[in-house]
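Good morning, colleagues. Please keep the display in view while I speak.

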Amino acid sequence: MNYRTSTFLISALLAAAGSVSAAGLVNVRFIEPVSYTDAGLSKWEKDANLSLLEKTFHELGQRYLRSDEVLTIDVLDVDLAGMVKPFPRGGEEKRIVKGNADWPRIQVRYTLQRDGKAVFSRTELIADLDYTGGLSRTRSPQALEYEKKMLENWFKTSFTEGRSAS
């Protein structure tokens, strides 16, 4: 490896390390998850879905919040995309996604802090009525793909639009 290549690699690594440290922090609490409208078909699925939602909130905070920001989110209700219907064979239930009035919804109460001071607090119903738009139906589905897309759009509009680059 020559000097120029190694210098470039070191610079790239330092830049990447700097961008990771520039990310904001998200704290997530699930308030009374047993009463959620629809977070999963079984206790195991509900726990897995809530864990994935928490991970998604953290990743989005890393991507869209400034380094001096802390977002505390209380998840008040979850209603996943699709509707749960009994499946004729075997008596089990399946999630059916048709793109009708079965859009994903997550109700949250949140506070954004900057430098330790509350900037704003709100309660919001995050929903995506056009949740099937823009996702390819030819690929294999990913877990909570509609909810992830909805939350990313919410982060973009709530925490970055109208903000000057920092």
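Let us begin with the sheet. It is open and is formed by four strands in the order β1-β2-β5-β6, with mixed pairing. Helices (H or I, at least four residues) and strands (E, at least two) are DSSP runs, numbered from the N terminus, and two strands pair if DSSP finds at least two bridges between them. At the edges lie β1, residues 25-30, and β6, residues 117-127, each of which pairs on one side only. From one strand to the next, the twist averages 20 degrees. Axes here are lines fitted to C-alpha atoms, for helices over the stretch in contact, and angles run from 0 to 180 degrees between N-to-C directions.

Before I go further, a word on provenance. This is a predicted model, in which local features need pLDDT of at least 70 and side-chain atom pairs count only at pLDDT 80 or more, while totals for chains, interfaces and linings use all residues. Residues are numbered from 1 along each chain as its sequence is written, and side-chain values use heavy atoms, with hydrogens and water left out.

Strands of a sheet pair through backbone hydrogen bonds, either parallel or antiparallel. In this model, β1 and β2 (residues 69-79) run parallel and are joined by six bridges. Within that pairing, Val28 stands opposite Ile73 of β2.

Which strands does helix α2 touch as it packs on the sheet? Helix α2, residues 43-64, touches β1, β2 and β5 (105-114), and its direction makes about 160 degrees with that of β1. Contact means heavy atoms within 4.5 Å. Helix α3, residues 145-159, also packs on the sheet; it touches β1, β2, β5 and β6, and its direction makes about 145 degrees with that of β6.

For the chain overall, there are three helices and six strands. Along the sequence they follow the pattern α-β-α-β-β-β-β-β-α. Among contacts with a separation of 6 or more, 68% are between residues 24 or more positions apart.

I turn now to the interior. Of the 166 residues, 31% count as buried; buried means under 20% relative accessible area, exposed over 50%, and partly exposed in between, with a 1.4 Å probe and protein chains only. The largest nonpolar core has 28 residues, and Phe57 and Phe155 have the most contacts inside it. Such a core is a set of buried Ala, Val, Leu, Ile, Met, Phe, Trp, Tyr and Cys residues joined through side-chain atoms within 4.5 Å. Two or more residues come from each of β1, α2, β2, β5, β6 and α3, and α2 gives the most, with six.

What does Phe57 touch, if residues up to four places away in sequence are not counted? The partners are Val26, Val28, Ile73, Val75, Val108, Leu151, Trp154 and Phe155.

Leaving aside neighbours within four places in sequence, Asn49 is in contact with Ala39, Gly40, Leu80 and Leu144.

Finally, the charged pairs. Side chains of opposite charge can pair when their charged atoms come close. The structure holds ten salt bridges, a salt bridge being a side-chain nitrogen of Lys or Arg within 4 Å of a carboxyl oxygen of Asp or Glu.

Glu152 and Arg63 meet in one of them, at 2.8 Å from N to O. This pair links distant parts of the chain, with Glu152 in helix α3 and Arg63 in helix α2, 89 residues apart. Glu152 is partly exposed, at 23% relative accessible area, and Arg63 is partly exposed as well, at 48%.

Lys149 forms a salt bridge with Asp128, their closest N and O atoms being 3.8 Å apart. Lys149 belongs to helix α3, and Asp128 to the loop between β6 and α3, 21 residues apart. Asp128 is buried, with a relative accessible area of 13%. Arg66, Asp68, Glu69 and Arg114, lastly, are linked in a network of salt bridges.
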